[in-house]
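Hi,

Here is the structure I promised to pass on. Have a look, and my notes follow below.

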Amino acid sequence: VRTPGKGCPLAALANDVAREPAGSAVRSRFTHGVRHLAGLLADLIPRMSRERRRQRSLAHLSTLVGAVVLARAVDDEALANDLIEAARASVAG
């Protein structure tokens, strides 16, 4: 959690990429990566319509990335771990 250089690039780079102008190559590549990862997650979700799997995968991805971002920002290791575990349980459940 505390090692952005070794962790999730989405969590590490999202704030910087958000400052890029619309249509920039960096923003375009990041968008491609988000779509790709969401697609991989959607493929793991069984027995739902394609749109429902897509929505669920986007929610899971947002939950996981958000938890990592928050866990890195707080100065309480126990809270950081709780954030990660809560996100993991939410996505797994």
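Let's start with H60, which counts as buried because its relative accessibility is 16% (buried means under 20% relative accessible area, with a 1.4 Å probe and protein chains only). H60 sits in helix α3 (helices are DSSP runs of H or I, at least four residues, numbered from the N terminus). Beyond its neighbours within four places in sequence, H60 touches I45, S90 and V91, where contact means heavy atoms within 4.5 Å.

Before you read on: this is a predicted model, with local features needing pLDDT of at least 70 and side-chain atom pairs counting only at pLDDT 80 or more, while totals for chains, interfaces and linings use all residues. Residues are numbered from 1 along each chain as its sequence is written, and side-chain values use heavy atoms, with hydrogens and water left out.

Now the helix pair. The axes of α1 (residues 9-18) and α2 come within 11 Å and cross at roughly 145° (axes are lines fitted to C-alpha atoms over the stretch in contact, and angles run from 0 to 180 degrees between N-to-C directions). On the α1 side the contact uses P9, L10, L13, A14, V17 and A18, and α2 brings V26, R27, F30, V34 and L37. By class, that makes ten nonpolar, no polar and one charged residues (Ala, Val, Leu, Ile, Met, Phe, Trp, Tyr, Cys and Pro are nonpolar, Asp, Glu, Lys and Arg charged, the others, Gly among them, polar).

Cheers

Notes: Helix = DSSP H or I, 4+ residues; strand = E, 2+ residues; numbered from the N terminus. Buried < 20%, exposed > 50% of the residue type's maximum accessible area, 1.4 Å probe, protein only.
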